[in-house]
Amino acid sequence: EVDKMVLKERPNVRFEDVGGLTVVKEELATVVLALKNPGIFTRGGTHPPRGVLLYGEPGVGKTLVAKALAREADADIYVVRIGDVLHSLYGKTERVIQSVFDRANENGACVIYIDEFDALASHRDKSNEVTSRIVSVLLTNMDGLEERGKNIIVVGATNRLDAIDTALLRPGRFDLTIEVPLPTEPERADIFSIHMKKANVIADSQLFEDEFDMSALARRSNHFSGADIAEVIRRTLVKRVRAISEGKDPGHVKVQDVIEQVERHREFLEKRKQSGSTGQYI
């Protein structure tokens, strides 16, 4: 049942594949050490971190860095998403979450990643009975991590830090609370480069012209998240595919082709912000 509702994987993404987020990756290096060599903390007179809470706007790379963390530590990762585990049957959601911790305890190094953590573990005094029981299950397991597997790390992700039950935020449960910010201008240039190189690998050919002004893309994409940049590159390449399907030779992708999609995506983001919609444009 857990296998049907919770994704278990061995990620193939590393920290070097994540553009920017230098400070976040430095913080998470401590967690990698905790998974690979927890005994070094004991010899240092302390204990390894048991929980990490990543917070930031949607699309900034919280899930990506969590998967990279697991890969760097050569660990499995259980990806728990509220839409997959929330169930109408009484007690089933709590049983699934408990089973994830039980299964993780049987493994070697393991990361339990809980997306949209605020929706699963909101304030008990402002929520229903189901949420209260879910929070109780999380509290019980996170308090017992030291007695359970010494190489289990719980990573939560949220864009609403204020909505999480305060009992889960005290030290000893989530030892590290790390902000995942929007990328800076140099980091945006790096993220553009990563996605372009990935596209070249997928196509097994050079898709982009040699003289590519990354700084122009970085300047024009102010306030874009990593997910926004990935979407811009995808849209640029989709336009190229359409041209090929019509029998045209689009040639190499030029800087202006990407800038065109940057501006279009910016307009979409502004309209979405004004309307409060989360939909996609075609």
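**View 1. The buried residues of helix H13.** Val-255, Val-258, Ile-259, Gln-261, Val-262, His-265, Phe-268 and Leu-269 are the buried residues of H13 (buried means under 20% relative accessible area with a 1.4 Å probe, protein chains only; helices are DSSP runs of H or I, at least four residues, and strands are runs of E, at least two, numbered from the N terminus). They pack against helices H10 (185-203), H11 (214-220) and H12 (226-245). H13 covers residues 255-275, and its end C-alpha atoms sit 30 Å apart, which agrees with the 30 Å that 21 residues should span at 1.5 Å a residue (the expected span is 1.5 Å times one less than the number of residues).

This is a predicted model, so local features need pLDDT of at least 70 and side-chain atom pairs pLDDT 80 or more, while totals for chains, interfaces and linings use all residues. Numbering starts from 1 along each chain as its sequence is written, and side-chain values use heavy atoms, without hydrogens or water.

**View 2. Helix H6, end to end.** H6 (residues 92-106) reaches 21 Å from first C-alpha to last, close to the 21 Å expected for its 15 residues. Its buried residues include Val-96, Ile-97, Val-100 and Phe-101.

**View 3. The largest nonpolar core.** Among its 32 residues, Leu-28, Val-52, Leu-69 and Val-155 touch the most other members (a nonpolar core is a set of buried Ala, Val, Leu, Ile, Met, Phe, Trp, Tyr and Cys residues joined through side-chain atoms within 4.5 Å). H2 gives the largest share of this core, six residues.

**View 4. Around Val-52.** Beyond its neighbours within four places in sequence, Val-52 has contacts (heavy atoms within 4.5 Å) that include Leu-28, Val-31, Val-155 and Phe-174.

Terms used. Buried means under 20% relative accessible area, exposed over 50%, partly exposed in between (1.4 Å probe, protein chains only).
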